Amino acid sequence: MSDQMKSKHSTTRMVPVPTNSIVPERDVNAIPVLETRHLGIEFGGLKAVDDFNLTIGKTEIAGLIGPNGAGKTTVFNLLTKVYEPTTGAVLINGRDLHGLSIVQASKLGIARTFQNIRLFDKMTVEENVRIGLHNQIKYDMLSGILRLPRYWKQEKRQHEKAMELLSIFGMQDLADEEAGSLPYGAQRRLEIVRALATDPKLLLLDEPAAGMNPHETEELMENIAKIRDQFKIAILLIEHDMSLVMGVCEGICVLNFGRVIAKGTADEIQANPVVIEAYLGKKKEAAK
Amino acid sequence: MIFLDNLINGLSLGSIYAIIALGYTMVYGIAKMLNFAHGDVIMVGAYIAFCGLQYWGLPPVMAILVAMAVCTVLGVTIEGLAYRPLRQAASLAVLITAIGMSYLLQNLALMIWGANPKSFPRTFINSSILRVGELSISSATIITILANIVIMVALTLFTSKTKMGKAMRCVSEDRGAAELMGINVNRTISLTFAIGSALAAIAGVLLCSSYPILQPTTGSMPGIKAFTAAVFGGIGSIPGAMLGGVLLGVIEIFGKAYISTELGDAIVFAVLIVVLLVKPAGLLGKPVREKV
Amino acid sequence: MMKMSKSKRKRLIYNCVTFALVIVAFIVLQSMIANKTITRSLKGQLVPICCWVVMAVSLNLVIGISGELSLGHAGFMSVGAYTGAVVSGWLLRAFDMQDPTLRLVVAVAAGGILAGIAGTLIGIPVLRLRGDYLAIVTLAFGEIIRNLVNVLYIGTANGKLYFSFLNKELPADVTMLVDGAKGAVKIKPISTFTAGFVLIILTLIVVLNLVNSRAGRAIKACRDNRIAAESMGVNVTKYKMMAFVTAAVLAGMAGALYGLNSSTVVPTQFTFNQSINVLVFVVLGGLGNVLGSIISATLLTVLPEILRAFADYRMLVYAVVLILVMIATNNPIIRAWLTRLGNIFRHKFQRGTEKGGAAR
């Protein structure tokens with residue numbers, strides 16, 4: 001199964017786009033789900049991210065890699081409007097995020113997971129997913145308090161949808177557990193389900209495989225591809241596990257000191273001398 | 001002339017707020033908690049000094065020193081018993097505990113000293129009146145303002161020059177990193193409470209020298225206003241506490257004089273709300289960025 | 001039909017027990033009143049108990065469910081009490097509305113609405129702030145309200161309401177309804193135990209149904225993790241506001257009922273100490289636990305009346321209880337120790353029942 005996946009991705013043809021980036025050939029005629037132009041942010045004079053240009057195709061699985069402290073999570077925080085950029089722009093489906101709040105960015109179709117897991121610990125697994133459905137299956141406060149028919153109908157829909165989403169990772173049986181009491185790997189998977197529940201166009205995964213064993217990582221890799229195929233969305237992931245990145249990502253962007261030093265396919269990145277020097281080279285030395 | 005009179009009274013009241021605000025601001029900066037009981041430590045300090053002067057026949061300076069010593073021990077004890085077990089807990093839990101502690105102190109004082117207000121005795125602090133032209137200034141006013149300046153300078157020197165002071169600043173910046181650098185965080189927090197509580201004793205004596213009515217609730221309103229002052233100036237900042245305290249004192253006195261006596265407190269709190277709306281980090285505070 | 005999930009069933013049982021307890025208590029007390037077996041002091045306490053229960057449950061919505069510490073809850077109660085007194089007095093004198101029930105309903109509703117407006121005004125600036133600031137600002141707000149009603153004068157004459165502020169400048173022929181520091185005066189007490197019961201039921205319906213709905217989950221999500229909630233598209237300020245204003249409305253209604261239970265309402269009845277009292281009910285009953293709030297509010301209102309000797313130490317005991325409960329429920333070491341103790345007991349209990357079952 002996983003071999004099939006790998007071969008499928010390695011055959012994806014990546015083509016250049018005007019913004020000095022590449023996208024999969026199948027997405028070239030669609031509006032890119034994400035486009036950043038000269039994106040940058042300063043913290044007290046320090047440029048944490050500088051002139052960051054990236055285009056992600058409509059159904060691309062992309063990777064964002066780089067040494068520790070390169071600014072990867074900061075990029076996520078810029079894309080999700082946790083931080084307001086100092087320079088440049090973020091476009092989601094061609095719409096500028098300038099001046100929008102985190103909530104508005106979420107409504108435009110951007111969802112994320114967190115490096116340091118941020119679940120709603122005291123709520124159940126199902127309730128966590130239902131928060132993801134907050135803007136998908138709605139009813140007003142009054143219907144809730146008075147238990148109007150709309151409440152029952154929408155609650156049922158929320159429940160069914162939550163269960164359907166949990167089944168992606170086979171987590172239906174955990175629906176009643178308190179989220180904070182789940183094992184680490186399950187918490188990471190729940191974060192992905194919760195993000196998916198918001199019906200995103202672009203899913204940002206911040207180190208989804210952190211703390212997972214090789215078997216779990218393998219499974220996660222298959223699921224990431226499955227999610228993309230099933231939901232027809234784009235996924236951008238930050239990851240240190242190179243087998244996952246090289247195995248599942250079509251386009252890979254390498255960040256160092258807040259700047260993009262390369263974007264290409266897995267093969268191109270592995271062969272790029274600048275990347276090897278900045279990143280893989282160091283790793284080889286450490287291995288010695 | 002009335003204007004000048006009010007201004008001087010405002011500066012004096014503001015100086016008391018500033019000294020109390022220091023206790024809040026230091027504890028908030030280092031332990032990241034609102035020590036609700038701080039105002040009541042002031043009250044305890046004032047009562048101890050009162051007992052020293054009235055019952056034990058101590059000279060004023062000795063009475064103040066005893067009050068400072070008792071408050072220091074009290075502050076460190078409160079921190080160790082009630083706050084330390086909650087170092088990792090949510091801020092809501094710590095805040096409720098601090099409110100409980102404030103209530104405990106008030107009710108203990110009620111049991112020990114009774115509900116009847118005590119009249120604070122005259123000392124060298126408030127015994128004479130200085131006349132400059134038509135102005136008459138109480139010695140308490142001058143001593144309060146001077147004490148505020150001395151304390152501010154001493155604290156600034158302490159935090160910037162001494163090893164313990166630098167440790168305090170480290171813990172306030174990043175507790176985890178400070179711990180890794182070998183700084184004893186618990187001891188540093190205890191020290192902060194000790195300094196804050198000793199200052200509270202001084203503030204208590206100064207407060208009761210200017211407004212000589214002492215009862216178990218004496219500390220709570222000045223305490224809350226001083227916290228307002230600390231927020232006004234920018235919580236965590238020592239010069240901010242001074243600036244905020246003095247400004248708030250002046251605003252309160254002028255509000256009472258020119259708007260309405262009954263609405264004095266309301267005006268002070270309205271200032272708090274406006275400040276939080278317009279500049280939540282306070283006048284001299286730095287906005288904090290949450291780590292994601 | 002789908003099988004009901006474990007958590008859903010637990011919630012349903014909890015809600016049923018809560019409602020059943022209130023209804024049974026009401027029936028028992030009503031029959032005691034009918035048989036005249038109730039003591040005079042307890043009878044006098046019935047309406048206040050209802051008010052404090054509503055106060056505790058509504059504050060629990062803010063503290064337990066929304067996770068924000070509000071120290072100005074008594075302020076909303078006083079807004080409700082004053083509004084209720086003025087509206088009731090006005091309706092009686094200006095419109096000659098004799099029916100006490102109708103007057104009570106209008107007065108309580110008005111109390112809720114005005115407290116809700118006050119809650120909105122204070123919530124807009126404050127709910128964007130961090131927790132500690134919210135606590136201090138709500139406290140400040142409670143004090144401001146107390147300051148303001150101290151210099152508020154309201155009178156009625158010829159069907160009109162006259163207001164004046166700071167100075168008593170009203171026409172000579174008015175009947176005073178609110179007289180500055182003397183408070184709301186000449187109130188005709190019209191509150192009844194039944195009205196209190198209805199208000200409790202209403203509060204329970206609002207709070208319990210809200211908690212178990214889309215909005216309630218959003219409120220809890222904001223409490224558990226603000227950034228994550230925002231990233232999921234939940235408007236944090238809106239939902240914190242919803243909890244805060246709902247609680248303010250309920251507190252205002254409780255205040256109106258409380259105010260119309262006696263002949264005067266004075267500003268000193270609604271000090272910071274009252275807010276702390278309600279906080280003690282909530283903490284002792286358990287944060288987020290509505291049933292607990294009901295029980296603790298009732299017991300802590302009745303007990304000091306029964307145990308006169310205890311009354312002197314009441315505040316002292318409250319303070320110690322606050323500190324101990326907080327440390328016991330939040331210190332990781334003590335909590336682990338308590339869980340272990342609980343497990344041992346449960347284990348013994350289960351073994352006991354298993355043995356019993358085998359013997360049968």
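This is a predicted model: local features need pLDDT of at least 70, side-chain atom pairs count only at pLDDT 80 or more; totals for chains, interfaces and linings use all residues.
## Helix α9 of chain B

Let's start with one helix. α9(B) has 14 residues and runs 20 Å from its first C-alpha to its last, close to the 20 Å expected at 1.5 Å a residue.

Is α9(B) buried or exposed along its residues? Of its 14 residues, 13 are buried, so the helix is largely enclosed by the rest of the structure. Just after α9(B) comes G234(B), which takes a positive phi of about 110°.

## Chain B as a whole

Stepping back, chain B holds 11 helices and four strands. Its radius of gyration is 19 Å, which agrees with the value near 19 Å for a compact globule of 292 residues. Along its principal axes, the C-alpha trace of chain B spans about 60 × 45 × 35 Å.

Of the 292 residues of chain B, 53% count as buried. As for contacts in chain B with a separation of 6 or more, 74% are between residues 24 or more positions apart.

## Chain C

Chain C is built with 13 helices and three strands. For its 360 residues, a compact globule would have a radius of gyration near 21 Å, and chain C comes in at 22 Å, which agrees. The C-alpha trace of chain C spans about 85 × 55 × 50 Å along its principal axes.

Buried residues make up 49% of the 360 in chain C. Among the contacts in chain C with a separation of 6 or more, residues 24 or more positions apart account for 77%.

## Chain A and its contact with chain C

Chain C also touches chain A: 31 residues of chain A are in contact with 25 residues of chain C. From chain A, the elements giving two or more residues to that side are α3, α4 (125-132) and α5 (141-146). How do the residues on the side of chain A that touches chain C divide? They split into 12 nonpolar, eight polar and 11 charged.

Chain A itself has 11 helices and 12 strands. Its radius of gyration is 19 Å, close to the 19 Å that the globule rule gives for 288 residues, so chain A is as compact as a globular protein of that length. The C-alpha trace of chain A spans about 65 × 40 × 40 Å along its principal axes. Some 47% of the 288 residues of chain A count as buried, and 69% of the chain A contacts with a separation of 6 or more are between residues 24 or more positions apart.

## Two domains in chain A

Chain A is divided into domain 1 (2-109 + 200-287) and domain 2 (119-198). Their C-alpha centres lie 27 Å apart. The contact between them takes 12 residues from domain 1 of chain A and 10 residues from domain 2 of chain A.

On the domain 1 side of that contact, α3 (102-107), β9 (202-206) and α8 (214-231) of chain A each supply at least two residues. The largest share of this side, four residues, comes from α8(A). By class, the side of domain 1 that touches domain 2 has seven nonpolar, three polar and two charged residues.

## A sheet in chain A

Last stop: a sheet in chain A. Four strands form an open sheet in the order β4-β3-β6-β7, and the pairing is antiparallel. The edge strands are β4 (46-56) and β7 (95-96) of chain A, each pairing on one side only.

Strands β3 (residues 34-43) and β6 (residues 87-92) of chain A pair in the antiparallel sense over five bridges. Which residue of β6(A) is the bridge partner of E35(A)? The partner is L91(A).

Definitions and conventions. Residues are numbered from 1 along each chain as its sequence is written. Chains are lettered from A and ligands numbered from 1 in the order in which they are written. Domain bounds come from an automatic or database domain assignment. Two residues are in contact if their C-beta atoms, placed from the backbone, lie within 7 Å. Ala, Val, Leu, Ile, Met, Phe, Trp, Tyr, Cys and Pro count as nonpolar, Asp, Glu, Lys and Arg as charged, and the others, Gly among them, as polar. The expected span of a helix is 1.5 Å times one less than its number of residues. A residue is buried if 20 or more other C-beta atoms lie within 10 Å of its own, exposed if 12 or fewer, and partly exposed in between; C-beta atoms are placed from the backbone. The radius of gyration is taken over C-alpha atoms; the globule rule is 2.2 Å times the number of residues to the power 0.38. Two strands pair if DSSP finds at least two bridges between them.
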